[in-house]
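Have the viewer open as you read.

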Amino acid sequence: MSDATTDPRNRRVFIDKQSPKAYDALVQTSEAVRATAADAGLDHALVELVNLRVSQINGCAFCLDVHTRSALRGGETTQRLGVLAAWRDTDLFTPRERAALELAEATTAPAHGAAQDVAYDVARGVFDDDEISAVIWVAITINAFNRLSVMSGHPVRKPRAQAASRA
């Protein structure tokens, strides 16, 4: 258990609370991106895989917690979630999911131009332009939320039932 006086996260500014207009704009962007993804035909499971993979890369515990729960509620399996970080090394993911994950990784590390070219080549094999755009927007948006949560030090809280049973 951390001491409130020494835990560096206690010195963090919750920038979503400190600058609510900027945060509200990000939430509105997220809602528009969610609609764009649905309009392009991307299903909830694929969107959550992108959210989770980007959050893994960025080390955002808060977003990993939120999107793991969302994926599980949507019917995702613990097996697939457990191996997501090594998605290239398993055949548990469809060609569309693999293309989306490749594109999401290239969006998250944009300095790697060669990776972007490979990601686009893979994506062009299974997605149309609307779907490619939607996947990239999902990755851009979760990257923004990851940075917000990491820089704010948003905590991952124990589920209420688990917290109550340990009290």
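What follows is a short tour, from the overall fold down to single residues.

This is a predicted model, where local features need pLDDT of at least 70, side-chain atom pairs count only at pLDDT 80 or more, and totals for chains, interfaces and linings use all residues. Residues are numbered from 1 along each chain as its sequence is written, and side-chain values use heavy atoms, with hydrogens and water left out. In brief, the protein chain has 9 helices and 0 strands.

**Overall fold**

- Along the sequence, the pattern of the protein chain reads α-α-α-α-α-α-α-α-α; helices (H or I, at least four residues) and strands (E, at least two) are DSSP runs, numbered from the N terminus.
- The protein chain has a radius of gyration of 17 Å, close to the 15 Å that the globule rule gives for 167 residues, so it is as compact as a globular protein of that length. That radius is taken over C-alpha atoms, and the rule is 2.2 Å times the number of residues to the power 0.38.
- Along the principal axes, the C-alpha atoms of the protein chain fill a box of roughly 55 × 35 × 30 Å.
- Among contacts in the protein chain with a separation of 6 or more, 69% are between residues 24 or more positions apart; contact here means heavy atoms within 4.5 Å.

**Surface and charge**

- Of the 167 residues of the protein chain, 37% count as buried. Buried means under 20% relative accessible area, exposed means over 50%, and partly exposed is in between (1.4 Å probe, protein chains only).
- The protein chain carries 19 positive and 21 negative charges, and their mean positions are 11 Å apart. Lys and Arg count as positive, Asp and Glu as negative, while His and the chain ends are not counted; each charge is placed at NZ of Lys, CZ of Arg, CG of Asp or CD of Glu.

**Nonpolar cores**

- The largest nonpolar core has 28 residues, and Leu42, Leu46, Val50, Leu103, Phe127 and Val135 touch the most other members. Such a core is a set of buried Ala, Val, Leu, Ile, Met, Phe, Trp, Tyr and Cys residues joined through side-chain atoms within 4.5 Å.
- At least two residues of this core come from each of α2 (20-40), α3 (44-58), α6 (95-108), α7 (113-124) and α8 (129-152), with α8 giving the largest share, 9 residues.
- Not counting residues up to four places away in sequence, Val135 touches Leu42, Leu46, Val50, Ala100, Leu103 and Phe127.
- There's also a second, separate core of 8 residues, including Leu81, Trp87, Phe93 and Leu101.

**Buried residues in helices**

- Glu131 sits in helix α8 and is buried, at 10% relative accessible area. Setting aside neighbours within four places in sequence, Glu131 contacts Ala40, Leu42, Arg96 and Val126.
- Val33 belongs to helix α2 and is buried too, at 8%. Beyond neighbours within four places in sequence, Val33 contacts Trp137, Val138 and Thr141.
- Val33 and Ala139 are 106 residues apart along the chain, yet their C-alpha atoms are separated by 9.8 Å.

**The loop between α5 and α6**

- Leu92 lies in the loop between α5 (78-83) and α6 and is partly exposed, with a relative accessible area of 27%.
- Leu92 and Arg80 are 12 residues apart in sequence and 6.7 Å apart C-alpha to C-alpha. Apart from neighbours within four places in sequence, Leu92 contacts Gln79, Arg80, Val83 and Glu97.
- Ala86 is in the loop between α5 and α6, and at 33% relative accessibility Ala86 counts as partly exposed.
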